[in-house]
Amino acid sequence: MTATTPQTPATPATAPRFAAPPPAPPWWARLGGPAAFTAVALLALVAAPLLLEPFRLNLLAKYLCYAIVGLGIGLAWGQGGMLVIGQGVFFGLGGYAMGMYLKLHEAGGDLPDFMVWSGVERLPALWAPFASPAFSLVFAVAGPMALAGLLGTLVFRRRVRGAYFAILTQALAAATVILLVGRQGLTGGTNGLTNFFELFGQDLAADGTQRGLYLVVAVVLGVLYLGARQLLRSRFGRLLIAVRDGEDRVRFLGYDPATVKTLTFAVSAGMAGLAGALFVPVVGIISPALLGVVPSLELVVAVAVGGRFSLAGAILGAVVMGQARTTFSEQFADGWLYLQGALFIVVMTLAPRGLAGLAGTAREMWSSRRARA
Amino acid sequence: MNGALLEVRDLSVVFDGYRALAGVDLTVQPGELRFLIGPNGAGKTTLVDAITGLTRPAGGTVRFEGRDLAGRAEHEIVRLGVGRTFQTSVVFEGLTVVENLDLAASFRRPLWALVRRRRGVSDQVAGALEIIGLAELADRPAGVLSHGQRQWLEIGMLIVQAPRLLLLDEPVAGMSAAERERTGELLTRIAADHTVIVIEHDMEFLRRYASAVTVLHEGRVLVEGPVDQVRDDPRVQEVYLGRPREGAAGGATGGPVAAVTAAAAPPGGGGTE
């Protein structure tokens with residue numbers, strides 16, 4: 001009795017049969033072919049620094065920092081199904097690490113200015129290691145990863161997920177702000193850390209320094225994007241999607257979804273931390289207002305608008321929403337919040353795949369029309 | 001008994017006071033193909049759930065190759081070599097057929113090794129594709145598969161994991177006649193070199209492919225033995241066809257049957273062997 005009986009005439013008519021499997025490239029490949037990537041990279045690395053005035057270039061650098069956070073959100077939320085609405089915590093952790101280094105460098109052996117105003121007399125032990133730029137940079141990435149790893153281990157093992165996990169990340173963001181504001185002498189309170197003048201011997205106010213910083217941010221974003229894309233195409237990426245679509249089934253494949261989710265969450269947190277560290281010299285400040293609940297949510301909205309299922313979409317969303325915010329705020333001071341909310345609702349109801357999804361649909365329509373012609 | 005692959009002893013599962021399993025004993029030897037039947041609510045799926053770690057037993061033991069499975073997480077039990085399918089097949093619709101199989105096949109790789117990209121199709125996966133007859137659809141997303149094809153894919157995902165015990169929960173439920181036929185062939189082929197437990201409702205399928213059968217009824221083992229012997233057993237006929245005076249056990253619902261219980265099986269009725 002062999003099982004090689006070929007398709008008997010009784011093969012059910014309902015079974016979809018395809019003469020030849022169409023070589024349909026996966027959606028992310030369509031969105032980010034090497035050509036498109038090169039074009040965007042040239043635009044960002046060559047055209048933008050040449051064409052944009054320093055003020056605009058600095059703003060773009062800021063958006064690109066947000067885009068790095070967005071990339072992490074796209075990874076955790078779009079691919080891994082973990083709605084992270086408290087990424088500001090990790091962004092802030094990276095930002096404060098960098099801010100503390102800059103502050104100590106500025107003070108040159110004395111106490112940072114705000115500590116003097118707050119009546120602090122000796123440098124707190126927590127601050128001491130941040131005198132080293134290397135430690136600060138490593139901590140900016142490793143700190144958030146460790147925190148996310150710890151949180152993920154505690155939470156995902158207990159099978160907390162969905163809205164409960166989302167609320168937890170948000171609560172963490174809220175608690176962090178309260179903590180930062182409350183410890184004025186240690187953190188600079190509501191004002192945060194600011195008044196930075198120098199980074200690695202370069203004048204932060206100089207156009208040249210800012211152009212260099214912009215390039216660093218753009219390159220970091222590009223490298224992280226390529227890395228994330230590679231990760232998604234690996235077996236780990238397939239596993240991540242499987243966890244998103246059927247966590248319980250994944251267990252019966254012999255994988256522990258908690259590990260997969262924790263690792264991904266940690267990677268997205270590391271990205272946010274690095275973004276925070278880059279953000280501080282670009283923008284010149286890190287404060288609780290930049291990392292609380294609202295900024296965290298705004299980034300999620302931006303990723304949703306850009307298209308959370310696509311890494312390129314997540315980046316696009318962060319940049320577009322950043323620019324839109326600036327443009328709008330320049331014209332109508334208060335209008336932006338309403339527009340942002342409306343945009344979010346429209347995208348979620350009408351185009352859940354965001355701008356990237358619209359682009360994909362447009363391309364499919366275009367190619368099918370060409371095929372018919 | 002020594003050398004048994006699976007030994008379930010006095011297993012009980014309680015849901016909110018309802019005893020879904022009330023002391024089940026089950027012994028499966030290596031190489032066996034065992035069918036598990038019983039009316040609705042008999043506890044077949046619950047038994048499989050308890051073996052695979054999805055449900056916590058209230059009492060009793062499950063030993064697989066001499067190791068106690070109690071308290072282990074689902075994925076750990078899979079790693080010990082126990083694989084299962086579900087009544088409603090769950091394949092990853094966003095992944096292609098090959099990716100589904102490849103992911104299943106990679107489960108013993110360390111996590112860091114998963115970060116590398118898949119290159120081509122491993123022999124294991126190619127072999128499984130051939131066995132389950134989905135080679136043509138290899139690069140299609142699993143979301144386009146028909147119900148029957150999904151079940152085959154799930155079985156394929158089990159095969160590539162080379163489990164020492166396969167538990168199939170109603171593999172032919174909802175299938176067309178032709179699909180049943182193919183599933184039967186698939187089952188025969190798999191059973192040749194695997195130990196398999198199949199839950200099945202379909203009597204025709206049972207008659208064609210089963211040899212040894214265990215009948216569950218109201219959370220206990222009612223009868224166990226070769227298929228002919230089980231079929232002719234008056235207790236089994238009673239459970240499936242209902243007794244003239246009570247008509248409730250015809251398999252319509254699980255709940256009311258509880259009223260008829262005690263008289264149906266002699267106390268301790270699990271010990272047939």
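**View 1. Lining of the second largest pocket.** Helix H2 (34-51), helix H3 (54-79), helix H9 (207-233), helix H13 (311-331) and helix H15 (354-372) of chain A each contribute at least two residues to the lining of the second largest pocket, where helices are DSSP runs (H or I, at least four residues) numbered from the N terminus. The structure is a predicted model, in which local features need pLDDT of at least 70 and side-chain atom pairs count only at pLDDT 80 or more, while totals for chains, interfaces and linings use all residues. Residues are numbered from 1 along each chain as its sequence is written, chains are lettered from A and ligands numbered from 1 in the order in which they are written, and side-chain values use heavy atoms, with hydrogens and water left out. The most is given to this lining by H2(A), with ten residues. By class, the lining has 26 nonpolar, five polar and no charged residues (Ala, Val, Leu, Ile, Met, Phe, Trp, Tyr, Cys and Pro count as nonpolar, Asp, Glu, Lys and Arg as charged, and the others, Gly among them, as polar).

**View 2. Helices H4(A) and H6(A).** Helix H4 (residues 88-107) and helix H6 (residues 133-157) of chain A pack at an angle of about 160°, with their axes 9 Å apart; axes are lines fitted to C-alpha atoms, for helices over the stretch in contact, and angles run from 0 to 180 degrees between N-to-C directions. H4(A) and H6(A) are therefore roughly antiparallel to each other (angles under 35 degrees count as roughly parallel, over 145 as roughly antiparallel, 65 to 115 as roughly perpendicular and the rest as oblique). The residues of their contact (heavy atoms within 4.5 Å) divide into 13 nonpolar, three polar and no charged.

**View 3. Helices H3(B) and H4(B).** In chain B, the axes of helix H3 (residues 97-105) and helix H4 (residues 123-132) come within 10 Å and cross at roughly 125°, which makes H3(B) oblique to H4(B). Val97(B), Val98(B), Leu101(B), Asp102(B) and Ala105(B) in H3(B) meet residues of H4(B) that include Gln124(B) and Leu129(B).

**View 4. Helices H4(B) and H5(B).** H4(B) also packs with helix H5 (residues 147-159) of chain B, at an angle of about 145° and with the axes 9 Å apart. Ala128(B), Ile131(B) and Ile132(B) in H4(B) meet Trp152(B), Leu153(B), Gly156(B) and Ile159(B) in H5(B), a contact with six nonpolar, one polar and no charged residues.
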